[in-house]
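This briefing sets out selected features of one protein model for use alongside its sequence and coordinates. The points are grouped by topic.

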Amino acid sequence: GAALALLAPNGSATADGPAQKYLILYKQHAVPGDAALQVERAGGDLVAAYGEIGVVVASSSRVDFASIVGRDARVEGAAPTSSYATRIAAVDSGEQQEGDLPNAPASDADTFSALQWDMRQIHAPEAHAITGGSPSVVVGNIDTGLDKDHPDLLPNIDFARSASCESGAPDQNPAAWDDRHGHGTHTAGTIAAAANGIGIVGVAPNVRLAGIKSSTDDGYFFPEMVVCSFMWAGRQHLDVTNNSYFADPFLYNCRNDAVQRTIWKAEQRAIRFAMREGVTVVASEGNQSDDLSHPTYDDSSPNYPPGSEVEREITNACVVIPVEIPGVIGVTAVGNHRQTDGDDDPDDYQKSFYSSYGVSTADLTAPGGDSRQPTAEAPNGRVLSTYPAEIPCSRRVEESAQPAAAYCYLQGTSMAAPHVAGVAALIVSRYGGASSPQNGKLRPNQVEAYLQQTADPQPCPVLLPATYSTRPDGSPQQCQGGSGHTSWYGTGQVNAFSAISR
């Protein structure tokens with residue numbers, strides 16, 4: 001017989017479209033007991049329910065699904081997410097007592113240690129003489145997954161706390177969170193590549209890594225994946241997360257748009273939940289050469305599906321997630337090139353040409369590389385880290401006796417943030433306590449205080465390098481602030497040795 005058309009609650013026939021994911025945001029930070037039934041009645045399926053924050057992930061092919069669900073007086077907003085992804089692009093001051101976590105030193109004598117200018121720049125080898133971190137500390141790398149077979153990561157992978165959030169619900173099958181993009185494996189190596197005689201040494205080579213896949217294999221981060229990832233991190237009581245990506249429908253998420261506001265609120269709730277559970281959240285600032293504290297123009301969003309970008313004027317009502325959520329530690333990038341401001345301070349480094357910044361968003365800076373300002377120590381200007389052997393990389397090195405041990409040079413604020421996440425893990429390892437309340441051995445605000453108070457201050461440059469491009473609106477990049485905090489460098493460049501030997 002003929003198929004019957006589904007009827008909406010008002011009795012009118014409705015059409016089906018392609019199945020897509022939705023975020024349902026409830027007014028209360030709780031999910032009603034009948035949520036699954038209400039989703040089903042609206043023509044959808046419940047994918048995941050995050051009761052701690054009042055968010056549901058659902059799937060439906062009903063074109064009017066969001067409007068039907070939104071008629072429930074308990075619902076604040078319902079938004080489809082299929083068109084709303086962003087894609088990654090590489091380009092206390094007193095003395096502190098040591099904690100009671102196990103710590104051991106680590107060496108920096110692996111095959112490619114000599115190529116790790118970035119580790120020397122943040123004084124990681126000196127820190128490793130004291131501690132390489134504690135295996136009791138777990139860093140969640142919210143990214144494209146990580147290569148579960150890479151011999152430089154394998155000793156430190158926490159399989160029990162790794163998951164894929166690609167569906168919007170956690171999947172612990174290692175095949176699901178394996179990295180088929182490369183980006184997540186690179187950031188993971190910077191955090192915690194093992195000091196095992198091969199390849200490179202991470203900032204915290206003795207800590208554990210949880211891979212949390214928060215994207216498609218093409219590197220698109222959808223909102224339901226980001227919500228799931230932070231909920232997983234909080235529920236698993238991870239100590240630190242690294243976030244080298246942007247979430248949300250647009251690079252800048254404008255809260256005066258109902259759909260964007262629903263997604264922004266859902267993601268904000270998930271990030272705050274993780275922080276309440278003791279997770280220190282580190283995020284990259286972005287590669288748009290833009291001032292996030294004074295945005296004016298965006299021509300890069302939405303970037304999914306490809307070709308959907310539109311030009312639009314934006315204001316401070318538009319935010320970048322996760323870096324602009326209060327409590328998140330924002331990281332800009334520097335290269336190995338020193339500032340030419342005449343004071344001869346060896347610790348004054350130049351902001352990378354691509355790095356975004358902002359007086360209200362930049363908390364710290366770290367090496368992300370700068371291909372336009374190579375040096376003798378960093379001949380191609382980029383950062384070397386682990387990479388899946390099967391994924392092409394134009395600047396690749398590999399272990400001759402270990403075919404699976406591949407490494408790649410990349411640059412970006414994506415490469416800067418994991419340096420800070422690694423130092424955060426060293427801080428928790430050194431000063432955290434196994435008997436501390438909640439998880440995390442050390443609260444996020446304590447970790448951030450250590451990071452900021454032990455950083456090497458970076459002044460605004462006297463001269464703007466000729467290698468710099470303009471901001472997206474055509475205006476020049478400008479550094480603001482004084483000796484204690486600037487829009488380009490926050491409180492300064494992260495210093496691993498100072499952070500664990502204060």
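**Disulfides**

The torsion about the S-S bond of Cys165 and Cys228 is about -65 degrees, so this disulfide is left-handed. The model is a predicted one, and its structure holds three disulfides.

*Cys165 and Cys228*

- The disulfide between Cys165 and Cys228 has an S to S distance of 2.0 Å.
- Cys165 lies in the loop between strand 7 (163-164) and helix 5 (174-177), and Cys228 lies in helix 7 (residues 223-235), so the pair ties together parts that are 63 residues apart in sequence.
- Cys165 and Cys228 are both buried.

*Cys393 and Cys408*

- The sulfur atoms of Cys393 and Cys408 are 1.9 Å apart and form a disulfide.
- This disulfide is right-handed, because the torsion about the S-S bond of Cys393 and Cys408 is about 80 degrees.
- Distant parts of the chain are linked by this pair: Cys393 belongs to the loop between strand 19 (383-387) and strand 20 (396-398), Cys408 belongs to strand 21 (residues 406-410), and the two are 15 residues apart.
- Cys393 and Cys408 are each buried.

*Cys460 and Cys479*

- A disulfide is formed by Cys460 and Cys479, with sulfur atoms 2.0 Å apart.
- The torsion about the S-S bond of Cys460 and Cys479 is about -75 degrees, so the disulfide is left-handed.
- Cys460 and Cys479 both lie in the loop between helix 10 (444-453) and helix 11 (496-501), 19 residues apart, and the pair links distant parts of the chain.
- Cys460 counts as partly exposed because its relative accessibility is 21%, and the cut-off for buried is under 20%.

- Four strands form an open sheet in the order 2-3-1-4, with antiparallel pairing.
- Strand 2 (44-50) and strand 4 (75-80) are the edge strands, each pairing on one side only.
- On average, neighbouring strands of this sheet are turned by 20 degrees against each other, direction ignored.
- Strand 1 and strand 3 run antiparallel and are joined by seven bridges.

*Residues in the strands*

- Ile24 is placed in strand 1 (residues 16-26) and stands opposite Val56 in strand 3.
- Ile24 counts as buried because its relative accessible area is 0%.
- Beyond its neighbours within four places in sequence, Ile24 is in contact with residues including Val39, Gly54, Val55, Val56, Ala58 and Phe65.
- The C-alpha atoms of Ile24 and Gly54 are separated by 8.3 Å, and these residues are 30 residues apart along the chain.
- Arg62 lies in strand 3 (residues 55-62) and counts as buried because its relative accessibility is 3%.
- The side chains of Arg62 and Asp64 are joined by a polar contact of 3.1 Å.

*Helices on the sheet*

- Helix 7 lies across strand 1, strand 2 and strand 3, and runs at about 35 degrees to strand 2.
- Helix 8 packs on the sheet and touches strand 1, strand 3 and strand 4, its direction making about 105 degrees with that of strand 4.

**Nonpolar cores and buried helices**

*Cores*

- The largest nonpolar core has 53 residues, and those with the most contacts inside it are Val282, Val420, Val423, Ile427 and Leu451.
- Elements that give two or more residues to this core include helix 4 (124-128), helix 6, strand 16 (329-338), strand 18 (364-367) and helix 9 (413-431).
- Helix 9 gives the most to this core, with eleven residues.
- Not counting residues up to four places away in sequence, Val423 touches Ile122, Val203, Leu451, Val494, Ala496 and Ala499.
- A second, separate core has 51 residues, among them Ala169, Phe221, Leu251 and Ile314.

*Helix 6 and helix 10*

- Helix 6 (residues 183-192) is mostly covered, as ten of its ten residues are buried; among them are His183, His186 and Ile191.
- In helix 10, the buried residues are Pro444, Val447, Glu448, Ala449, Tyr450 and Leu451.
- These buried residues of helix 10 pack against helix 8 (258-276), strand 12 (280-284), strand 16, strand 18, helix 9 and helix 11.

Terms used:
Residues are numbered from 1 along each chain as its sequence is written. This is a predicted model: local features need pLDDT of at least 70, side-chain atom pairs count only at pLDDT 80 or more; totals for chains, interfaces and linings use all residues. Side-chain values use heavy atoms; hydrogens and water are left out. Buried means under 20% relative accessible area, exposed over 50%, partly exposed in between (1.4 Å probe, protein chains only). A disulfide is a pair of cysteine sulfur atoms within 2.5 Å. A nonpolar core is a set of buried Ala, Val, Leu, Ile, Met, Phe, Trp, Tyr and Cys residues joined through side-chain atoms within 4.5 Å. Contact means heavy atoms within 4.5 Å. A polar contact is a pair of N or O atoms within 3.5 Å; within protein, one must be able to donate a hydrogen and the other to accept it, and residues adjacent in sequence count only if both atoms are side-chain atoms. Two strands pair if DSSP finds at least two bridges between them. Axes are lines fitted to C-alpha atoms, for helices over the stretch in contact, and angles run from 0 to 180 degrees between N-to-C directions.
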